[in-house]
Amino acid sequence: MDAAQQEATARARELQRNWYGEPLGALFRRLIDDLGLNQARLAGVLGLSAPMLSQLMSGQRAKIGNPAVVQRVQLLQDLAGQVADGSASAAEATERMDEIRKSQGGSVLSNTTTTTSSSGAPTVKRVVREIQSLLRSVAAAGDIIDAADALSASHPELAEFLRVYGAGRTSDAVAHYQSHQN
């Protein structure tokens with residue numbers, strides 16, 4: 001690992017400490033140990049790919065882009081505490097992990113809008129949230145704004161897209177999406 005990679009990893013871990021209270025590598029290793037998991041099983045319960053989990057643990061990525069995954073992490077931390085203090089057995093923990101894996105993330109993601117229309121097609125809000133999640137899994141909001149600023153003179157529409165979807169409110173992104181459909 002060269003100096004630039006080491007610096008980027010250290011910066012990512014510091015951001016993780018600010019956002020999640022500690023670097024995700026330490027948090028995930030503790031969950032693995034406390035709940036008797038391996039990395040693949042933890043990734044499955046959280047709803048992450050194994051490579052994404054590895055990148056978060058190693059500091060190659062700083063942020064969990066999906067709010068539902070963040071909520072699942074919090075639920076697993078609570079469960080690990082219950083296993084540690086004896087209020088949940090290993091069998092109960094296994095059952096609860098299956099419930100956590102199936103959870104959609106609570107009120108963060110499932111407010112009054114349904115995820116599909118009556119035709120089975122994803123709603124505009126769902127599509128917008130997927131775009132936001134993807135952008136935010138690639139870079140932090142501040143970095144996305146910096147990229148938008150750098151592009152604004154030569155590619156204003158692309159800069160607007162980055163600002164709206166990468167760092168803006170979902171309602172603004174929905175309006176933007178709808179205004180750019182046929």
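1. F161 and Y165 both belong to helix α9 (residues 156–167), where four residues, about one turn of the helix, separate them. Helices here are DSSP runs of H or I with at least four residues, strands are E runs of at least two, and numbering starts from the N terminus. This is a predicted model, in which local features need pLDDT of at least 70 and side-chain atom pairs count only at pLDDT 80 or more, while totals for chains, interfaces and linings use all residues. Residues are numbered from 1 along each chain as its sequence is written, and side-chain values use heavy atoms, with hydrogens and water left out.

2. The rings of F161 and Y165 form a tilted aromatic pair, with 4.5 Å centre to centre and 35° between the planes. Rings of Phe, Tyr and Trp (its six-membered ring) pair if their centres lie within 6.5 Å; planes under 30 degrees apart count as stacked, over 60 as edge-to-face and the rest as tilted. Y165 is buried, at 2% relative accessible area, whereas F161 is partly exposed at 28%. The cut-offs are under 20% relative accessible area for buried and over 50% for exposed, with partly exposed in between (1.4 Å probe, protein chains only).

3. H176 lies in helix α10 (residues 170–179) and is buried, with a relative accessible area of 11%. Its side chain is joined to that of Y165 by a polar contact of 3.1 Å. A polar contact is a pair of N or O atoms within 3.5 Å; within protein, one must be able to donate a hydrogen and the other to accept it, and residues adjacent in sequence count only if both atoms are side-chain atoms. Leaving aside residues up to four places away in sequence, H176 touches E160, F161, V164 and Y165, contact meaning heavy atoms within 4.5 Å.

4. The search of the whole structure finds two aromatic pairs. One of them joins W19 and Y20 in an edge-to-face arrangement, 6.2 Å centre to centre with 80° between the planes. W19 is partly exposed, with a relative accessible area of 37%. The charged end of K63 sits over the ring of W19, 5.6 Å from its centre. The criterion is NZ of Lys or CZ of Arg within 6 Å of the ring centre and within 35 degrees of the ring normal.

5. Side chains of opposite charge can pair when their charged atoms come close. A salt bridge is taken as a side-chain nitrogen of Lys or Arg within 4 Å of a carboxyl oxygen of Asp or Glu. By this rule there are five salt bridges. Among them is the pair of E7 and R11, with the closest N and O atoms 3.7 Å apart. Both residues lie in helix α1 (residues 3–20), four residues apart, about one turn of the helix. E7 is exposed at 53% relative accessible area, whereas R11 is partly exposed at 48%.

6. Another salt bridge joins E22 and R30, with the closest N and O atoms 2.5 Å apart. E22 counts as buried, at 17% relative accessibility, and R30 as partly exposed, at 36%.

7. Which parts of the chain does the pair of R41 and D98 link? R41 forms a salt bridge with D98, the closest N and O atoms lying 3.5 Å apart. The pair links distant parts of the chain, with R41 in helix α3 (residues 39–46) and D98 in helix α6 (residues 90–102), 57 residues apart. R41 is partly exposed, with a relative accessible area of 29%, and D98 is partly exposed at 29%.
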